[in-house]
Amino acid sequence: MPPVLIRITTVPLSLQKLITGQLPYMRSKGFEPVMVSAAGPESEAVVQEQATPLIEIVMTRKITPVQDIKALWQFYRLCKKHKPAIVHSHTPKAGIIGMLGAKLAGVPVRLHTVAGLPLMETNGKTRQVLEAVEKLTYACATKVYPNSTVLKDYILQSRFCGPDKVKVIGNGSSNGINTAFFHRSQLDAAKLEELKAQLGIKPDDFVFVFIGRLVKDKGIQELVTAFKKLQGEHQQVKLLLVGPFEQDLDPIDDSILQEIENNPAILSVGFQHDVRPYLAISQALAFPSYREGFPNVPMQAGCFDLPSIVTDINGCNEIIQHSENGLIVPPKSMEELYTAMLTFINDKESFAYMQSQARRMIVERYEQTHFWELLLQEYQDHLKQHAAV
């Protein structure tokens, strides 16, 4: 019987986006993967894409004690039924349910990937609760994988667990990046011209693209404000926003919403399953997030030769090296963001240099198949250690 590998995330979108392609690979290496998450609009698609069954349990992204205890009981029973050799969790809620449930059920190998900590942007009672949950998650895990070195340092400084339990795989990331898929040669040039025409992008426009949820902690307010200021000096700039609004979770101010709606140079196209065409028609990525784990977007942008402006936060400041493949600015600083955007437009020589480095620096450090090999090695080592006990 092949060893059962359960991968659990809070919502199916995370199974789709965080670990694309991993499960067919793990099956080809002798595992029997099973996915677990809450129900969601991506459920059917992720089953097809990962060629793996999905078991749905009710989980929420907020603090909901009664619902969380029910989910824990469901997951515990699920582990008793499927007897997994490994449970590997992502995202905070699935982390506590997956690690605690697996420990109670006697699952030998319990792995948790940390891809960003929402608690970094909270305080007071909420922060205390989230920190306690994080510590309990790590206590129940046999190994914790922060997906960046800076995140690892933060976990150790916060004393969420001891240094022997924490490891960064390769150069960081949760899945590496498929650099062949994120390549201009995969796209139809005529269709890209069509998309530009549709969006009203002219040949001389300089397009800054943002990809992600349009919420406050992604730095959208600073980005829109900086862009508006930039427009005062440069007529031929556009801001392309690719992603959904989440006004219920982390709303942006009404004045910013109105600016997005009314400014003809701000193009908001909503959530897109395939972001590649939008990267291909842009010149640079603007990604002023307040917190990340190890974001895919700057890696994807780099694959399309786009230099990135990112904030000096974990993940971002590892993927981007200042003045090499992009610029790093302090988080929450509209002025610094504006200055960096201005530099991209005005300093053509340094921009061309960063452009020339962008793809190479991603391919060399984050190629996906290499990451999968390293993760497989982790799985095999843990199973060997357990067998030897």
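## Ser14 and helix H1

Ser14 is found in helix H1, which runs over residues 12-17, where helices (H or I, at least four residues) and strands (E, at least two) are DSSP runs numbered from the N terminus. Ser14 counts as buried at 13% relative accessibility; buried means under 20% relative accessible area, exposed over 50% and partly exposed in between, with a 1.4 Å probe and protein chains only. Leaving out residues up to four places away in sequence, Ser14 touches Thr9, Ile19 and Thr91, a contact being heavy atoms within 4.5 Å.

## Basis of the model

This is a predicted model, in which local features need pLDDT of at least 70 and side-chain atom pairs count only at pLDDT 80 or more, while totals for chains, interfaces and linings use all residues. Residues are numbered from 1 along each chain as its sequence is written, and side-chain values use heavy atoms, with hydrogens and water left out.

## The chain as a whole

The secondary structure of the protein chain comes to 16 helices and 12 strands. Its radius of gyration is 21 Å, close to the 21 Å that the globule rule gives for 389 residues, so the protein chain is as compact as a globular protein of that length; the radius is taken over C-alpha atoms, and the rule is 2.2 Å times the number of residues to the power 0.38. Along its principal axes, the C-alpha trace spans about 65 × 45 × 35 Å.

Of the 389 residues, 53% count as buried, and among the contacts with a separation of 6 or more, 71% are accounted for by residues 24 or more positions apart.

## Helix H10

In helix H10, which covers residues 254-262, the buried residues are Ile256, Glu259 and Ile260. These residues cover an arc of only 100 degrees around the axis, which puts them on the same side of H10; the arc is that of the directions from the helix axis to the C-beta atoms. The buried residues of H10 pack against H9, strand E8 (237-242) and strand E9 (266-270), whereas the face turned away from the buried side carries the exposed residues Asp254, Gln258, Glu261 and Asn262.

## Gly212

Gly212 has its place in the loop between strand E7 (206-211) and helix H9 (220-231), and with a relative accessible area of 18% this glycine is buried. Leaving aside neighbours within four places in sequence, Gly212 is in contact with Val242, Gly243 and Pro244. Leu195 is 17 residues from Gly212 in sequence, and the two are 20 Å apart in space, C-alpha to C-alpha.
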